[in-house]
Amino acid sequence: MYHASLHRQVNALVQQANLDIAGADNLFYTRFIANAPVIHALFQELYSQHPQAKAAFDQLLHLLLRAYLERPPILRQTDEAKAKSDFWFLSNDITGMSLYVDRFCGKLETLSGKLDYFQNLGVNLLHLMPLFESPAGESDGGYAVSDFRKVDGRFGKLADLRALRQKMGETGMYLMIDIVLNHTSNRHAWAEKARKGDKYYQDYYYFFEDREVPDQFDRAMPDIFPESAPGNFTYVPECQRWAMTVFHQYQWDLNYTNPRVLAEMLDTIFFYANIGVDILRIDAPAFIWKQAGTTCQNLPQAHRILRLIKQCVAVSAPGMALLGEAIVAPEEIMKYFGTGPYEARECDFAYNATQMALQWDALATGDTRVMLHEQPGIARKPFGTSWITYTRCHDDIGLGYSDSAIRQAGFNPYAHRKFLKDYYSGQEQNSPARGALFSVNPKTQDARISGSLAALCGLEKALEAKDDAAVDLAIRKILLMQAHSFFLGGIPMLFYGDELGYTNDYSYLDDPGKSYDNRWMHRPVFDWRKNRKSGTPGTVEARVFSATRRLIQIRRQLPVVADQNNTAWLYPHNIHVAGFLRSGDGRQLFCLFNYSGTAAYLTWYAIRALGPSSDRLFDHWSGLYHTLGADHEFLILAPYAFCLLEPQ
Ligand code: GLC
């Protein structure tokens with residue numbers, strides 16, 4: 001809707017700043033004018049009742065202008081180049097890796113010298129786990145930030161991050177970092193002032209004088225870390241108040257009903273954008289709005305804030321994509337792409353957490369039916385948005401897919417999840433997996449799973465038992481899991497160490513700042529002597545590394561793998577096999593994955609039903625050709641094997 005006074009306000013702002021709106025600054029000006037009404041509307045929906053609403057909105061417009069003015073020319077150029085390439089981030093050319101700089105190689109400066117490692121593997125997007133200052137011992141892996149602008153001394157300095165970014169840019173690499181939007185560390189300057197009784201900063205958080213309101217909240221809110229941090233409030237003795245702490249006691253939830261908090265965090269977002277971030281991972285967005293009597297997750301206002309952030313970024317740093325880290329129920333994840341008029345105008349990316357967990361489900365059961373039943377929901381992703389696809393990340397694996405999919409597959413949800421938890425935590429005697437249960441809720445027996453990709457696939461036990469056949473099997477499983485997530489659609493995000501078959505790292509148990517959180521078992525400290533074995537053929541490291549590299553190469557050669565919402569699942573007539581067709585521009589790729597420990601027979605009809613363009617099929621993985629057989633004949637997939645068939 002056109003808004004004349006807003007138009008005048010934007011004009012006055014850009015005039016004061018002497019922008020060349022007919023020339024160099026024209027694109028920015030156009031974006032500003034075009035997006036201002038929707039930014040205003042979203043802001044009003046959130047804050048019209050707030051006494052400082054008008055001033056806060058004016059401040060927001062200033063902030064957008066300043067962010068643009070401070071945007072380095074090189075980034076303005078990449079903004080334009082990305083805009084021209086039309087959805088740059090849907091490309092099959094991008095493969096990512098998440099890593100902790102200190103555990104990977106020490107400092108940011110050292111990382112600058114290791115970029116060839118990623119180039120060799122084929123990784124061109126780095127997700128650097130939180131780098132900003134965070135108190136040692138109470139940091140939640142950096143997700144308890146005490147200074148959003150200061151790189152933690154453990155990693156080096158802000159200048160090192162900038163230097164790394166520049167070097168990455170020279171070789172065409174992309175950067176992803178986090179904005180921890182939901183909370184700060186209780187040692188952040190705002191928190192320190194709040195603790196001392198400063199009302200202005202107490203209003204940045206949820207502070208309560210007594211337990212009345214906290215109790216109301218607690219009745220409807222689940223516990224996120226029921227073992228290590230039960231409850232959602234923490235008493236702050238210095239000011240005799242209760243602070244809302246949904247995650248750990250040392251992570252104080254920010255109060256977004258206060259528009260100043262939004263402005264501060266938007267300012268931080270642009271600070272990161274102007275360092276040269278290509279994808280901003282918005283940590284825990286599901287939690288950013290609270291309302292007593294609700295679970296305080298996925299509330300409509302949380303979506304409004306994300307939409308507002310998206311429209312603001314589209315004005316001043318349009319080349320930066322947003323990833324919403326919403327690890328919630330499948331139908332809720334989809335909403336982070338935006339709904340209704342905001343479809344594809346909220347987060348550009350979400351994690352395909354549903355699919356990730358379903359692959360672990362299929363690997364344990366050897367049965368792909370639950371996975372298949374969830375696909376219609378996953379396929380509702382709007383065009384122009386994409387997934388981060390992955391098998392492991394720094395967090396636990398939650399079995400958060402729907403009970404109805406489990407039931408449709410013929411299982412009892414409670415018994416089914418119990419089996420999976422027992423299987424991966426090693427409580428099931430015959431399981432080759434070695435992981436652990438994370439955050440067991442004693443009331444519901446709900447739990448998530450920790451453990452590295454390799455350990456959960458059986459490599460740790462197999463190596464210990466010096467059982468070569470079991471090692472082979474574990475490697476097949478690792479590659480099956482990776483291949484599946486690489487070809488599904490979206491940016492594959494490796495977790496460092498998985499490219500080398502790292503098993504669990506138990507050294508966290510000796511560190512009191514980590515021992516309470518078993519997610520550290522799958523966050524390895526790299527041993528570069530071990531890594532060098534990837535150059536020695538026949539070693540586990542070389543087998544996993546070279547196969548992972550090959551998967552990345554194959555992916556890069558096949559534009560049909562780019563995420564054009566072009567994935568159609570097969571009905572494979574065999575419960576052990578999952579498969580889908582990727583198609584576009586006259587090319588097709590049939591991807592088939594056998595989740596069973598025995599050979600799987602797949603009727604050729606499964607492929608024929610989706611209209612292959614030729615009877616001659618080339619398997620990009622094995623390098624072999626197949627001829628499409630009759631319906632009563634079969635394609636045979638070895639245990640835990642997969643194939644990537646392109647009609648020729
Ligand atoms: C996100 C992070 C997780 C962290 C939590 C709280 O879910 O991925 O590691 O514990 O947010 O910040």
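Visitor: Between which two strands does the loop with glutamine 445 lie?

Guide: The model shown here is predicted. The place of glutamine 445 in it is a loop, and the elements on either side of that loop are strand 15 (436-438) and strand 16 (448-450).

Visitor: Is glutamine 445 buried, partly exposed or exposed?

Guide: Buried means under 20% relative accessible area and exposed means over 50%, with partly exposed in between. The relative accessibility of glutamine 445 is 39%, so this residue counts as partly exposed.

Visitor: What is the phi of glutamine 445?

Guide: Most residues other than glycine have a negative phi. Glutamine 445 is a residue other than glycine with a positive phi, and the value is near 65°.

Visitor: Where is asparagine 565, and what is its phi?

Guide: Asparagine 565 is in the loop between helix 23 (540-557) and strand 18 (567-569). Its relative accessibility is 35%, so asparagine 565 counts as partly exposed. The phi of asparagine 565 is positive, though the residue is not glycine, and lies near 50°.

Visitor: How far apart are the centres of domain 1 and domain 3?

Guide: The chain is divided into domain 1 (4-69 + 255-324), domain 2 (189-253) and domain 3 (567-647). Taken over C-alpha atoms, the distance between the centres of domain 1 and domain 3 is 47 Å.

Visitor: How many charged residues does the shell around the ligand have?

Guide: Among the residues around the ligand are Asp140, Asp283, Arg281 and Arg519, together with Phe225 and Gln251. By class, three residues of the shell are nonpolar and three are polar, while the number of charged residues is six.

Visitor: Is histidine 183 buried or exposed?

Guide: Histidine 183 belongs to strand 6 (residues 183-185). Its relative accessibility is 1%, and the cut-off for buried is under 20%. Histidine 183 therefore counts as buried.

Visitor: Which side chain is joined to that of histidine 183 by a polar contact of 2.9 Å?

Guide: The side chain of histidine 183 makes a polar contact of 3.4 Å with the side chain of glutamine 251. The contact of 2.9 Å joins the side chain of histidine 183 to that of asparagine 182.

Visitor: What distance separates the end C-alpha atoms of helix 18?

Guide: Helix 18 (residues 413-425) has 13 residues. At 1.5 Å a residue it should span 18 Å, which agrees with the distance between its end C-alpha atoms, 18 Å.

Visitor: Which residue has a side-chain oxygen reaching to the backbone nitrogen of tyrosine 414 at the start of helix 18?

Guide: The buried residues of helix 18 include Pro413, His416, Arg417 and Leu420. Just after helix 18, glycine 426 takes a positive phi of about 80°. At the start of the helix, the backbone nitrogen of tyrosine 414 is reached to within 2.9 Å by a side-chain oxygen of asparagine 412.

Visitor: How many residues of helix 21 are buried?

Guide: Helix 21 (residues 468-487) should span 28 Å at 1.5 Å a residue, and its end C-alpha atoms are 29 Å apart, which agrees. At its start, a side-chain oxygen of aspartate 467 comes to within 3.2 Å of the backbone nitrogen of alanine 469. The helix is followed by glycine 489, with a positive phi near 120°. Helix 21 is mostly covered, and of its 20 residues the number buried is 14.

Visitor: How far apart in space are cysteine 296 and isoleucine 554?

Guide: Cysteine 296 is in the loop between strand 11 (279-283) and helix 13 (300-316). At 1% relative accessibility, cysteine 296 counts as buried. Cysteine 296 and isoleucine 554 are 258 residues apart in sequence, and their C-alpha to C-alpha distance is 43 Å.

Visitor: How far apart in space are serine 98 and leucine 128?

Guide: Serine 98 is part of strand 1 (residues 96-99). At 5% relative accessibility, serine 98 counts as buried. In sequence, serine 98 and leucine 128 are 30 residues apart, and in space, C-alpha to C-alpha, the distance is 5.9 Å.

Notes:
Residues are numbered from 1 along each chain as its sequence is written. This is a predicted model: local features need pLDDT of at least 70, side-chain atom pairs count only at pLDDT 80 or more; totals for chains, interfaces and linings use all residues. Side-chain values use heavy atoms; hydrogens and water are left out. Helices (H or I, at least four residues) and strands (E, at least two) are DSSP runs, numbered from the N terminus. Buried means under 20% relative accessible area, exposed over 50%, partly exposed in between (1.4 Å probe, protein chains only). Domain bounds come from an automatic or database domain assignment. A residue is near a molecule or strand if one of its heavy atoms lies within 4 Å of it. Ala, Val, Leu, Ile, Met, Phe, Trp, Tyr, Cys and Pro count as nonpolar, Asp, Glu, Lys and Arg as charged, and the others, Gly among them, as polar. The expected span of a helix is 1.5 Å times one less than its number of residues. A polar contact is a pair of N or O atoms within 3.5 Å; within protein, one must be able to donate a hydrogen and the other to accept it, and residues adjacent in sequence count only if both atoms are side-chain atoms.
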